[in-house]
Amino acid sequence: MTARRAEQDAKSLMEGLIVKKSGMLGTLLLTIAVIFAGCDGNNAAAPDAAKSNNSSKGEQSKPVAGGVNTDSKEAPELAKLVAEGKLPKLEERLPKAEDIMVEPVVEELGQYGGDWTMAWTGPGDKWAVGQPTEEALFRFNADGTGVEPNVAKSYEVNEDSTVFTIHLREGMKWSDGMPFTADDVLFYWEHMLTKETFGKKIYDAYYSVDPVTGERALAEVKKVDDYTFTVTHKYPNVQFLERVAIDNKWFFAPAHFHKTILPEFVGEAKTAEIAREWGYEDVKAFLVDTGYYYWLHPQIPTLRPWVAATDPNSDQFVMERNPYYWKTDAEGRQLPYLDRIVVTKIQDPSQILLGTLAGNYNLATFGAKDFTILKENEKKGDFRVLQWTQPSWTSAGIQLNQTTKDPKLRELFRDIRFREALSIGVDRNEITEIVTNGIADPVQASVPEGVFGYQEGWAQKWAEYDPERANQLLDEIGLKRGKDGFRTFPDGSDLTLTDIESSTNADSFLELLKKYFEDMGLKFNVKVVESGAYNDLKYANEVPINTEAISVVNISFRPDTLVPLRVITPWLGHYGLYTESGGKEGFKPEGDVAKILDLWAQLKASNSKDDINRIANEIYKVHMDNQWVIGYAGPTPALVVASNKMRNVPEKAVWADEFRSLGHGHPAQFFLKQ
C-alpha cells in the first residue's frame with residue numbers, strides 16, 4: 001500500500017460560536033459527523049520532510065517577519081549559554097534538519113522573551129499546565145477530523161490495519177540532552193505500561209478484538225531500529241492511532257531516568273528510600289507522580305517546550321524553556337518563543353477572574369458565567385475574550401448514579417419516570433438566563449447539532465417546563481408528601497437527594513435547582529468537598545448526584561464517559577468497576593447499560609469505518625432513550641482570555657479534552673509582542 005500523509009484537507013469546522021442575546025447558541029462546532037473521513041486507519045504520513053508532515057492547509061495564515069529579527073535562531077539566553085560553552089550549539093540540540101518539526105504560527109513569527117502568567121490551586125490542578133505543555137506521539141489536527149504525527153515523524157499502516165510502523169525523529173533529545181529513541185518507547189511499554197507501575201491499566205487502544213468471538217488480544221510492540229518501531233495487532237484495529245492520541249498520548253518515557261527509580265531495576269528498598277527523599281511516604285503515589293504526572297518534577301527529563309524548574313508545592317511554580325525542544329517556526333527559529341510559564345497558587349478560583357481583570361495573568365480560561373464581566377472589561381483590562389467551541393452536552397445539568405449505594409435511591413434513580421420528573425419540573429428558561437447569562441439554549445443534555453452522534457429531537461426531550469406532570473409522575477412512583485411538604489419513599493422513610501461537588505463553580509445553578517426540586521417536594525442538599533476527596537468518594541461509589549458534564553467529540557474515540565469501562569463519571573458509577581475488574585467487583589450491567597457494552601464490543605471488533613459510525617450512533621440512541629444525564633442548559637463556549645500583547649492564540653478553536661483544551665492552540669508558538 002502506498003503511504004500517504006495522515007493530515008487530510010477538510011472543511012474548517014471552527015466557525016466559532018455565534019452568541020445571540022436571545023439566549024440562542026448559534027452554529028456550534030466541528031462538523032465531526034464525518035470525523036472518520038479524514039483519518040482513515042490506512043492513511044499514512046509520508047516519512048519525509050517535517051514541513052510536509054506539519055503544514056495546516058487553509059488553517060494558518062502565512063507567517064510574516066513583522067519586524068522580527070529572524071537571523072537569531074534561538075533565544076538570547078540560550079545563545080549566551082552556547083557562547084559560554086555551557087550548552088551545545090543549536091544544530092546539535094535539534095533533530096537532523098529533515099526531521100525537525102515546523103510548527104505553523106497563527107498570526108506572525110514571534111519574538112523571544114517574556115513569561116506566560118497564569119494561576120492554579122496547586123499541584124492538584126496539575127492539568128492546568130499539563131495540557132497546554134503536552135507533546136503527544138500523535139495529536140489531533142486543527143479541525144479535529146483526524147490525527148497527525150507530532151513526536152512521531154510519520155507512520156505506515158498495512159492493508160488490514162493490523163501493523164502500524166511508526167517512525168521517530170532522528171537526533172531528537174530529551175530536555176537533559178540525552179537521545180530520544182525507540183528504546184524509550186519499548187522501555188515504557190515493557191517496564192511501565194504493561195507492568196502498571198504508574199497506576200494505569202493497559203489502555204484500551206492496545207487491544208484488538210476478534211469480530212467473531214469477541215476475544216481481546218494485546219498488541220505486540222517491537223523495535224525495528226533506533227528510530228522505528230511497530231505495533232502489531234492480532235485483529236484489525238482501525239482506530240488505533242486516534243485512540244492512542246487520546247488514551248496514551250505519551251507512548252514513551254525517559255528510560256535513563258526511570259531505570260534509576262523503578263523497583264525492577266533498583267529494588268523495593270531503594271525505591272522506597274528515593275521516594276522518601278522526594279517527600280513521599282507511599283511508594284505507589286511516588287511512582288504514579290513520576291510515571292504519569294511527570295511534568296511537575298524538575299528532576300524528570302521531558303519532551304515538552306517548557307520544563308519544571310521549581311517545586312510545584314511552592315506559592316509560585318515555574319516552568320522554563322526546554323533548550324532541546326525539537327520544533328521550530330517556518331524560519332528555523334527554535335521554539336518556544338516564551339521564556340517561562342509562571343504559575344501563581346491561589347486559594348479560591350474567583351481569584352483568577354480578579355487577577356485577570358487586574359492584569360496579573362496574561363492568558364487564562366473561564367466558563368460562560370464570567371462572559372459578561374469579561375466582555376465589559378476588555379478595553380479597560382487590555383485583553384480580548386476568545387470563544388472556543390465545546391462539544392459539551394450541557395452547561396448546567398446533573399448525573400444520577402445508577403449504582404448509588406442506597407438501594408432505595410438506586411431503584412428510584414433507575415426509574416425513568418423519576419428522571420423525567422426531575423427534567424420537566426425545572427424551568428430551563430430561568431436556568432439559562434441566570435446561569436449562562438442567556439448564552440445557552442434551554443434544552444436537554446444531548447449531542448449538539450453538528451457533532452457526531454447528534455439525534456433529531458433529542459435536545460427537546462423532556463425540555464418543556466411542566467410542573468403538574470412532574471408531580472403526577474412522582475405521585476405515580478409512590479413518593480407521597482408528608483406534613484412538612486416533602487416527599488418520602490413509599491415505605492415512609494426519608495428521601496433526600498444529595499449532590500456532591502468538588503468546587504463551588506455550580507453554586508448559582510444548584511441554588512435554582514434546589515428551589516425547583518423542593519417545589520416538587522424533594523429535599524435537595526449540596527455538599528462540597530476537596531477535589532481529592534471527591535475523587536475518592538467517586539471511586540468508592542459515594543457520589544449519588546453530581547453536575548459533571550459530558551463532553552465528547554466522538555464516542556468511538558473516547559467512550560469512557562458514555563460506556564461503563566471504568567470508574568470515571570457519576571452516572572455509570574460502579575458499572576464501570578465491574579467491567580474494569582473483570583466482574584470481580586462493582587455492579588453487573590443489566591438492561592440498556594449491558595446493551596451499551598455489547599454495542600461497544602461490536603464497535604471494537606469492526607474493521608469498517610461505516611460500521612463503527614453506525615454502531616456508535618446506536619450507543620448515542622440508547623443514551624437518548626434513557627437520559628441518565630439531565631441537562632437544563634445547552635453548551636456554552638470556553639472563554640480564552642488573552643492579553644492584547646499575547647499573540648498567536650487562535651481566535652477560534654475547539655476546546656475538548658481529546659484535543660488537550662488550550663493545548664490545541666499549540667502554545668509553543670504563543671509570544672508576547674513588545
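Tutor: This is a predicted model. An angle over 145 degrees between axes counts as roughly antiparallel. Helix 21 (residues 591-605) and helix 22 (residues 609-626) cross at roughly 170°, and they are therefore roughly antiparallel to each other.

Student: Which residues of helix 21 and helix 22 make the contact?

Tutor: Helix 21 contributes residues including Ile-596, Leu-599, Trp-600 and Leu-603, while among those of helix 22 are Ile-612, Ile-615, Ile-619 and Val-622. By class, the contact has 9 nonpolar, 3 polar and 3 charged residues.

Student: In what order do the 4 strands of the open sheet stand?

Tutor: The order is 5-6-10-9, with antiparallel pairing. Strand 5 (152-157) and strand 9 (220-225) each have a single partner strand, so one side of each is left without a neighbour in the sheet. From one strand to the next, the twist averages 20°. Strand 6 and strand 10 pair over 5 bridges; Phe-164, for instance, has Val-231 in strand 10 as its bridge partner.

Student: Which strands does helix 5 lie across?

Tutor: Helix 5 (residues 182-193) lies across strand 6, strand 9 and strand 10, and runs at about 160° to strand 9.

Student: Is Asp-329 buried or exposed?

Tutor: Buried means under 20% relative accessible area. Asp-329 has 0% relative accessibility and therefore counts as buried. Asp-329 is placed in the loop between strand 13 and strand 14. The side chain of Asp-329 makes a polar contact with that of Tyr-337 at 2.6 Å, and Asp-329 also touches other residues, among them Val-102, Glu-103 and Leu-109.

Key
Residues are numbered from 1 along each chain as its sequence is written. This is a predicted model: local features need pLDDT of at least 70, side-chain atom pairs count only at pLDDT 80 or more; totals for chains, interfaces and linings use all residues. Side-chain values use heavy atoms; hydrogens and water are left out. Axes are lines fitted to C-alpha atoms, for helices over the stretch in contact, and angles run from 0 to 180 degrees between N-to-C directions. Helices (H or I, at least four residues) and strands (E, at least two) are DSSP runs, numbered from the N terminus. Angles under 35 degrees count as roughly parallel, over 145 as roughly antiparallel, 65 to 115 as roughly perpendicular and the rest as oblique. Contact means heavy atoms within 4.5 Å. Ala, Val, Leu, Ile, Met, Phe, Trp, Tyr, Cys and Pro count as nonpolar, Asp, Glu, Lys and Arg as charged, and the others, Gly among them, as polar. Buried means under 20% relative accessible area, exposed over 50%, partly exposed in between (1.4 Å probe, protein chains only). A polar contact is a pair of N or O atoms within 3.5 Å; within protein, one must be able to donate a hydrogen and the other to accept it, and residues adjacent in sequence count only if both atoms are side-chain atoms. Two strands pair if DSSP finds at least two bridges between them. Lists of a residue's contacts leave out its neighbours within four places in sequence.
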